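Please read them with the structure open.

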Amino acid sequence: MSSVGFDAAWHATDLGEYRACRYTYESYSYESLPPLGPDLHTGAFQWFGGVGDVLPEQVVRLDGLAGKLTAGGLTLPQDFVTFQTHANTYLSLDEVSVTGCWTNMSEPLPSPVEPGAVLVRFFRDQQDCVIWYLNLRPTGETFVVFSHLDYEYEYEARRDGEAVQTDLDDVEEQRAAIFWCAPSFEEFAHRFWVENRLWRAISDGELPPAEAQLRDYLDHYVLSRPGA
């Protein structure tokens, strides 16, 4: 985690009695989260049941975004491209979100903390309590971060001479506003999908009997309780 240069956390809502949350969202230490199994994250989204048919209009859109990144020597991660360009997966996180989060991609945005790196917003809470970005580095390293700041808005406001919420030139202030939350887009999508489906199942009082991964996720919290 230290090599990434950001504090690590997972920003999410409660899981009933298994994980408390004082507000709509809370930040949980990354180390406290149930493991998902890195062998599941191959880019094929087999844990989701397959990606479905290609969406041509989304391919065009992602190709356009990728072209804008090429000038800076950056590329979109293939797992992100696959997810966003296939019928089963595209908008699936919107559909499962219990807090009204929605897919909303930005143009490439300069990282406020690392020269040459770029942020691409891809998902946001309906009230902008939390916004998620791909963090793309010139080294080829890609991971997911979140912030309470909409950096597209902040850069546009500064350009237009309008009031901004933050000092984009203050590296320490910006580093404190950005948190690492997943080593890949697929792991972010998997954990978000699991947790939001779990929230609904707990709320309904019944876990899907055939989905062992949901039960295993909750078991992690049961076994982590003092005296368990």
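1. Basis. This is a predicted model, in which local features need pLDDT of at least 70 and side-chain atom pairs count only at pLDDT 80 or more, while totals for chains, interfaces and linings use all residues. Residues are numbered from 1 along each chain as its sequence is written, and side-chain values use heavy atoms, with hydrogens and water left out.

2. Cavities. The structure holds two cavities of 30 Å³ or more. A cavity is a set of points, on a 1 Å grid over the protein atoms alone, where a 1.4 Å probe fits but cannot get out; lining residues have an atom within 4 Å of a point. Volume is the space filled by probe spheres set on the points, which are joined across faces, edges and corners.

3. Largest cavity. Its volume is about 110 Å³. Of the 13 lining residues, H11, A12, T13, F192 and N196 lie nearest the centre. Helices (H or I, at least four residues) and strands (E, at least two) are DSSP runs, numbered from the N terminus. By class, the lining has seven nonpolar, four polar and two charged residues.

4. Second largest cavity. This cavity holds about 40 Å³ of space. Its lining includes F83, Q84, L91, F122 and F185. At least two lining residues each come from α2 (78-84), α3 (92-96) and β6 (118-124), and α3 has the largest share, three residues.

5. Helix α4. Which residues of α4 (residues 151-159) are buried? They are Y151, E152, E154, Y155 and A157, where buried means under 20% relative accessible area (1.4 Å probe, protein chains only). Their cover includes β5 (109-110), β6, β7 (131-136), β8 (142-147), α5 (171-177) and β9 (178-182). At the start of α4, a side-chain oxygen of D150 comes within 3.2 Å of the backbone nitrogen of E152. Just after the helix, G161 has a positive phi of about 75°.

6. Leaving out residues up to four places away in sequence, F122 touches residues including F80, W102, M105, W132, L134, V144, F185 and F188, contact being heavy atoms within 4.5 Å.

Conventions: On a 1 Å grid over the protein atoms alone, a cavity is a set of points where a 1.4 Å probe fits but cannot get out, and a pocket is an open set with protein on both sides within 12 Å along at least five of seven lines; lining residues have an atom within 4 Å of a point. Ala, Val, Leu, Ile, Met, Phe, Trp, Tyr, Cys and Pro count as nonpolar, Asp, Glu, Lys and Arg as charged, and the others, Gly among them, as polar. Buried means under 20% relative accessible area, exposed over 50%, partly exposed in between (1.4 Å probe, protein chains only). A polar contact is a pair of N or O atoms within 3.5 Å; within protein, one must be able to donate a hydrogen and the other to accept it, and residues adjacent in sequence count only if both atoms are side-chain atoms.
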